[in-house]
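Have the structure open as you read.

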Amino acid sequence: MKAETLARLRTARAERQPIARVAALDGSVDAVVEDGEGPLPEPVLEVARAALKQNRSHDFEHEGGRWFVQVFNPPLRLIVVGAVHISQPLIGMASGLGYDVTLVDPRGAFATAQRFPDVEICDEWPDDALEALGVDGRTAVVTLTHDPKLDDPALHVALRSEAFYVGALGSRRTHAKRVERLVEAGFDEAAIGRIRAPIGLNLGGRAPAEIALAIAAQMTEALYR
Amino acid sequence: MADAAVGEADAILDRAAAWAAAGRGVALATVVKTWGSSPRAVGSQLVVDDTGAFEGSVSGGCIEGAVVIEAQRAIEDGEPRLLDFGVSDEEAWEVGLACGGSIEVFVEKLA
């Protein structure tokens, strides 16, 4: 691999830009594909574009030679709204699953670096925070505050985004009230139906770590199924 | 699909850059194909330096030893290598890929 290839891969990763690296396995070609373009023959570019779309690295043949396309899509990201007891184990699990995690809570007493030492903390109001972070198709949003003042603004942004997972903590009754508010705010059934509530796979556990596991498992399912 | 490995991919690229910046010889090993039950997904990577220090994994521990040796050779001679490890491969048995699959690993020097 050329040093330049490595540098471009790392820059794209840092900027959350999709990038693919294409190599001929005899070592004769080493290039990257960004925005669907790169210094490669058109058929090879098409393979790389499709691989990025499917998020799948694979080998392939081109003009009798073997090639490999390696996909580097942006890292998965989890935005947790609410620095509550479930957030702590959820942040740990999501980190282990490869997510970049941001914890959003404007209540200074909740989101302290002491309680949450290993996560990026944002103390903006949730809708501002989510807008600033930019919710894309590789982002999961989980609201855990139980407080409509905080959860709802985050859900408004999440439901207008391409987030692959939107989950909101709360009982069926709490969720029914939430649905009423969202309808009032102009969201249609399809949008509201994207919210996973009650949140998490039904594993039966009630402890914070068990609920966190149910959420992390449901995020994983949403990603692949 | 190897989303769980995304954070790991960053760690490996970062490590490769850091070692190169420190003046060390560096090689990357990448899983380019798997057959049967292989523990790591296509695209999994290992970064190796000229002393044999490495980070990442291409098999969950079965063949890393052999890959590291080939990576050190690639750092020396600059030639890329395409390595096959499978249950039918005597050497793979030796290094422990008895997990019922086979994998192909591309090894290249960072130049």
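Predicted model: local features only at pLDDT ≥ 70, side-chain atom pairs only at ≥ 80, totals over all residues.

In chain A, strand E9 spans residues 165-168. A:Tyr165 and A:Gly167 point one way from E9(A), while A:Val166 and A:Ala168 point the other way. All four residues are buried.

## The E8 side

Strand E8 (residues 139-143) of chain A runs parallel to E9(A), and 4 bridges join the two. In one of these pairings, A:Val141 has A:Val166 of E9(A) as its bridge partner.

How does the chain get from E8(A) to E9(A)? The path goes through helix H5 (residues 148-159) of chain A. This β-α-β crossover is right-handed.

## The E10 side

E9(A) is also joined to strand E10 (residues 195-196) of chain A, by 2 bridges. These strands run parallel. A:Val166 stands opposite A:Ile195 in E10(A). A:Gly167 stands opposite A:Arg196 in E10(A).

## The whole sheet

Zoom out to the sheet. In chain A, 6 strands form an open sheet in the order E7-E6-E5-E8-E9-E10, with parallel pairing. Strand E7 (120-122) and E10 of chain A stand at the edges. Each has a single partner strand, so one side of each is left without a neighbour in the sheet.

## Helices on the sheet

Helix H4 (residues 126-133) of chain A lies across strand E5 (77-81), strand E6 (100-104), E7 and E8 of chain A. H4(A) runs at about 170 degrees to E5(A).

Helix H8 (residues 208-224) of chain A packs on the sheet too, touching E5, E8, E9 and E10 of chain A. The direction of H8(A) makes about 155 degrees with that of E9(A).

Definitions and conventions. Residues numbered from 1 in each chain as written. Chains lettered and ligands numbered in written order. Heavy atoms only, no water. Buried < 20%, exposed > 50% of the residue type's maximum accessible area, 1.4 Å probe, protein only. Pairing = 2+ DSSP bridges. Right-handed = clockwise from strand over helix to strand, strands pointing away. Contact = heavy atoms within 4.5 Å. Axes fitted to C-alpha atoms, helices over the stretch in contact; angles between N-to-C directions.
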